[in-house]
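Here's a quick tour of a protein, starting at one spot and then zooming out. Have the structure open as you read.

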Amino acid sequence: MANAVEFIHQFVPPVSDASSSRTLLLLHGTGGNENDLLPLGRALDPGAALLSPRGQVLENDMPRFFRRLAEGVFDEKDIVRRADELADFIEAAGSRYNFRPADVVAVGYSNGANIAGAMMLLGRAKFRCAILFRAMVPFVPKDLPSLGGHRILVSEGEYDPIVPRANAEQLASLLRKSDAEVTLRFERAGHELTSSDLNAAKQWLVDR
Ligand code: MLT
């Protein structure tokens, strides 16, 4: 990946007691940055390495991981390009920081969850495990990828004004039809994350 696009990012090495072999790939929501999800990552897995890139698209100065034309209306061409760039960056970061892409767990919130979902639906994700908070269908692929062996937690808000329940269910169904093992859960919440999202994700990681 000599020519991989560089992302502004944070990398926090694993805790030296080797209590975890995971690297959590932290993908922020619109208007966030590489620092936002570090506390969430640490709470999810106290021993893991953390890799947290900043999205490269700016919408009114707010970083995102791909362009959108309106709320919930995504630029599919841009999604493909940005998903490719992010996948290459993760691979290059693995060589630089010495982690295996297969040990990566993607943890995304909102737009960050959507780029993680896009990477999987494009068959560009080397990670096999993902936690998608408040995710929606990024696009509907013509051909479904083969996601056998992938484990995905989709954690949604029952009262989310941005992600309709039917959209969340369609995402889970697309991933299941691609042979991923998907847990879809709904929190009594809106688009914001709650402590019970965190607890459920922690438990799901332990059960892995
Ligand atoms: C957001 O505000 O980030 C959206 O709801 C999700 C997206 O645009 O990807």
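G123 comes after α3 and has a positive phi, near 70 degrees. Helices here are DSSP runs of H or I with at least four residues, strands are runs of E with at least two, and both are numbered from the N terminus.

This is a predicted model, where local features need pLDDT of at least 70, side-chain atom pairs count only at pLDDT 80 or more, and totals for chains, interfaces and linings use all residues. Residues are numbered from 1 along each chain as its sequence is written, and side-chain values use heavy atoms, with hydrogens and water left out.

## The helix itself

How covered is α3, residues 111-121? Mostly: 11 of its 11 residues are buried, with buried meaning under 20% relative accessible area (1.4 Å probe, protein chains only). Among them are N111 and N114, along with I115, M119, M120 and L121. G112 and G117 are on the buried list too, as are A113, A116 and A118.

## The whole fold

Zooming out, the protein has 5 helices and 11 strands, and 54% of its 208 residues count as buried. The C-alpha trace spans about 45 × 35 × 35 Å along its principal axes.

Methods
Buried < 20%, exposed > 50% of the residue type's maximum accessible area, 1.4 Å probe, protein only.
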